[in-house]
Amino acid sequence: MQCMDAWIPTWAGSFTERSRSDVDEFLKLCQRVEYTIRAWYLLQFEDLMRLYSFFEPIHGAQKLEQQNLTPEEIDVFEQDFLASLFQVMEKSNFKIATDEEIEVALSAQYRLNLPIVVNENKLDKRLFTSYFAKHPQDDLPYFADKFIIFRRGFGIDRLNSYFIMPKINTIISRFWRCFLKVTGLKRLFFRKRSAPITEDPKSIEISTDNSDESLYVERIRIEKMKLSIRNLLGKVTIQEPTFDRIIVVYRRASAKKERARNIYVKHFKSIPMADMEIVLPEKKNPGLTPVDWVKFIVSAVIGLITVIGSLSNPKADIRVILAILTSVVGYCVKTYFTFQNNLVSYQSLITKSVYDKQLDSGRGTLLHLCDDVIQQEVKEVIVSFFILMVQGEATRQELDRRCEELITGEFNEKCNFDVDDALQKLQKLGIVAKVNFFKFIR
């Protein structure tokens with residue numbers, strides 16, 4: 001026999017019959033719960049918005065000048081704002097993207113086919129360096145001193161099209177690899193490396209952080225597809241996992257002697273993992289990759305050597321020389337126009353991300369986060385109270401399991417229900433009570 005703690009509702013009502021009056025009473029209770037929780041967080045959110053008003057890009061500098069604050073006082077306000085922001089992020093279930101997640105996300109290409117890098121000289125490094133020195137955290141990404149990427153939730157993005165050029169490139173690439181393998185040149189050009197290189201996996205594992213189970217999402221690529229006649233001539237669908245929500249926080253470096261204090265907060269939705277570079281701050285303009293330059297130089301050298309060798313031959317055929325030159329020039333032109341096409345696609349993708357993918361920025365993002373926190377807390381309280389009211393008393397473990405089963409059954413969503421936080425608020429509201437009962441264990 002074991003004594004265990006159980007939770008029972010103190011609000012009376014036979015909701016099991018689900019009469020209209022019971023439903024109305026429950027809806028009134030839900031409204032009161034929401035109003036009460038909003039009141040609890042009101043002062044915290046007002047303080048967050050007040051602190052951000054000093055650092056918003058539009059009027060922040062003017063407000064700091066009006067307050068006549070010393071640099072040390074501004075530093076204190078900065079750290080207070082970041083501490084409050086990180087608390088709200090945690091309450092909203094946003095997680096800091098780690099190096100491992102970034103590496104997995106960028107291990108393939110989707111729509112973006114150009115190397116995108118951040119211009120680190122345009123980003124301030126003192127803001128987050130000071131914060132993490134006072135608030136150390138584990139698994140911080142390598143760029144944590146310059147900007148922070150928060151992510152929440154996962155989804156899937158699909159594209160359905162003919163993809164003519166990618167199919168042609170895939171065919172050429174496979175024929176080229178086959179040619180190198182048959183001729184034995186593969187061992188010459190691709191020597192064994194000391195450490196194996198991880199190829200783009202067919203399926204990638206995503207840590208959900210809130211569950212012991214991992215989420216497996218398949219990446220569907222043309223490069224990995226079976227090139228049948230149907231796939232070559234018809235439309236195909238490629239697939240990429242997405243970050244459902246991404247928030248980027250950073251500060252631009254100041255060219256002046258006086259430090260700029262503006263803090264940028266940008267909110268994005270449904271960002272494909274392989275194209276995550278589009279949310280990076282202060283991106284450099286993409287240029288020709290080292291591989292493209294190698295192609296240019298090698299093509300020019302081979303063409304020059306071939307032409308010189310042909311001209312040294314007394315019986316050189318001018319048509320052969322022209323054919324070689326035409327091939328070399330054509331290949332160089334093809335490489336250049338491929339880059340230009342990728343550049344146009346990149347610019348189009350950036351423009352689309354601004355209009356379609358960016359939800360909000362600055363103050364609007366913070367207001368959205370504050371509302372997210374309230375809705376999250378309200379849902380936890382209502383779901384847990386509903387279970388206690390309908391199914392009767394339960395232990396902490398039973399309540400946790402029943403809430404997760406309800407969410408899975410009604411909404412087809414899996415989650416790790418935060419039962420401790422819900423019970424704490426229910427007890428604070430005075431609508432549940434903690435009692436002891438005896439349960440026999442065989």
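**Exercise 1. Salt bridges**

How many salt bridges does a search of the whole structure find?

*Solution.* The structure is a predicted model, in which local features need pLDDT of at least 70 and side-chain atom pairs count only at pLDDT 80 or more, whereas totals for chains, interfaces and linings use all residues. Residues are numbered from 1 along each chain as its sequence is written, and side-chain values use heavy atoms, with hydrogens and water left out.

Step 1. The search of the whole structure finds 20 salt bridges (a side-chain nitrogen of Lys or Arg within 4 Å of a carboxyl oxygen of Asp or Glu).

Step 2. One of them joins Asp 47 to Arg 50, with 2.8 Å between the closest N and O atoms. Both residues belong to helix 1 (residues 20-52) and are three residues apart, which means that about one helical turn separates them. Helices are DSSP runs of H or I with at least four residues, strands are runs of E with at least two, and both are numbered from the N terminus. Asp 47 is partly exposed at 32% relative accessibility, and Arg 50 is partly exposed at 39%. Here buried means under 20% relative accessible area, exposed over 50%, and partly exposed in between (1.4 Å probe, protein chains only).

Step 3. Arg 261 pairs with Asp 75, and the closest N and O atoms are 2.8 Å apart. Because Arg 261 is in the loop between strand 6 (236-250) and strand 7 while Asp 75 is in helix 3, the pair ties together parts that are 186 residues apart in sequence. Arg 261 is buried, with a relative accessible area of 10%, whereas Asp 75 is partly exposed at 29%.

Step 4. Lys 425 and Glu 377 meet in a salt bridge of 2.7 Å, N to O. This pair links distant parts of the chain, with Lys 425 in helix 13 and Glu 377 in helix 11 (residues 363-391), 48 residues apart. Lys 425 is buried at 8% relative accessibility, and Glu 377 is buried at 2%.

**Exercise 2. Helix 13**

Which residues of helix 13 are buried, and what phi does Gly 430 take?

*Solution.* Step 1. In helix 13 (residues 419-429), the buried residues are Val 419, Asp 421, Ala 422, Leu 423, Lys 425 and Leu 426.

Step 1. Asp 420 is also in helix 13, but Asp 420 is partly exposed, with a relative accessible area of 42%. Asp 420 and Gln 397 are 23 residues apart in sequence, and their C-alpha atoms are 9.9 Å apart in space.

Step 2. Just after helix 13, Gly 430 has a positive phi of about 80°.
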